[in-house]
Amino acid sequence: MRDKAGSILDVGGVAVGHWTDAEAGTGCTVIVCEPRAVCGVDVRGGAPGTRELALLDPVCAVDGVDAIVLTGGSALGLASASGVASSLRADGKGYETQQGPIPIVPAAVVFDLGVGNSDVWPDERSGAEAYASASFDDLLEGNVGAGAGTTAGTRDSGRFKTGIATIVIRDGVVRVGAIVVPNPVGTIIDETGKAISDLTGTGQRSDRQEDSSGIGEHTVIGVVATNVRLDKAGATKVAQMAHDGIARAVSPAHTMFDGDTLFCLSTATDPARADISKVGHMAAEAVAAAIRRGAAVAEPAQGIPAACGAPPR
């Protein structure tokens with residue numbers, strides 16, 4: 001029997017911090033790795049906005065990352081990752097070179113410019129503040145960080161407020177946590193296929209892809225982390241399998257209007273030998289649960305209704 005509770009912090013070796021501009025409806029979230037963690041990534045959406053993904057390919061030399069940034073502001077928000085990198089370097093962290101450490105900070109974005117003030121997005125200062133707030137003990141969910149301006153659905157089908165959410169799954173000594181920012185063009189659905197992000201009471205889901213939805217104006221992004229040891233190839237495979245969680249919780253998923261991107265971190269805080277298939281399956285479960293929780297923990301904002309209240313832990 002798998003226990004689903006807690007947060008990605010329960011995996012160990014990661015801290016999470018947010019920067020939020022509630023008035024503008026945007027923000028960024030940083031997942032700091034201490035120590036550096038092996039990382040893989042997989043992109044399934046048709047309109048991704050990302051930074052430093054090529055070096056995560058298993059054939060590339062860099063074998064670890066110092067942090068991952070999940071941010072609003074679309075491609076403009078990628079500047080927040082530079083603020084995180086500068087802060088890490090000031091703390092002496094990064095890939096060691098003769099000229100000092102070079103922090104490795106991959107990032108992915110959601111489009112939230114249509115929710116609040118489209119002239120405000122996370123910048124370098126925002127990233128530095130998110131990094132400064134990172135905690136190994138406390139993690140806020142809902143309308144904070146990269147979840148400040150997220151929604152499910154479109155203006156045509158009806159938008160519902162979502163928020164950033166996290167969960168951890170335990171199976172013996174193996175722990176797999178997820179922190180996800182759900183901002184899909186599709187409908188968030190429960191295990192039976194019934195719509196969660198639905199205020200009409202019909203429980204109907206929308207499988208339409210509205211022509212009015214602009215490229216890059218949606219996306220599900222997130223990070224899964226496990227305490228077992230993975231190499232880059234294993235972490236990449238787990239990231240691939242984790243996308244099954246998006247397909248289970250969002251309909252339709254991985255559209256041309258989404259930039260769905262998931263990272264996988266191996267903190268190796270437990271020496272257990274990794275069963276990649278098992279970890280990948282748990283990662284998919286965690287991602288689906290976190291997306292659904294993202295619909296539950298959100299509060300109404302910017303005139304956009306929320307689906308429901310947060311369930312008890």
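A salt bridge is a side-chain nitrogen of Lys or Arg within 4 Å of a carboxyl oxygen of Asp or Glu. By this rule the count comes to 9 salt bridges. The model is predicted, so local features need pLDDT of at least 70 and side-chain atom pairs pLDDT 80 or more, while totals for chains, interfaces and linings use all residues. Residues are numbered from 1 along each chain as its sequence is written, and side-chain values use heavy atoms, leaving out hydrogens and water.

- Arg 125 forms a salt bridge with Glu 129, with the closest N and O atoms 2.9 Å apart.
- Both residues lie in helix 2 (residues 124-132), 4 residues apart, about one turn of the helix; helices (H or I, at least four residues) and strands (E, at least two) are DSSP runs, numbered from the N terminus.
- Arg 125 is partly exposed at 48% relative accessible area, and Glu 129 is partly exposed at 37% (buried means under 20%, exposed over 50%, partly exposed in between, with a 1.4 Å probe and protein chains only).

- Arg 293 pairs with Glu 141, the closest N and O atoms being 3.0 Å apart.
- Arg 293 is in helix 4 (residues 276-297) and Glu 141 in the loop between helix 2 and strand 7 (151-152), 152 residues apart.
- Arg 293 is buried, at 12% relative accessibility.
- Glu 191 forms a salt bridge with Arg 292, at 3.7 Å between the closest N and O atoms.
- Glu 191 is exposed at 66%, whereas Arg 292 is buried at 14%.
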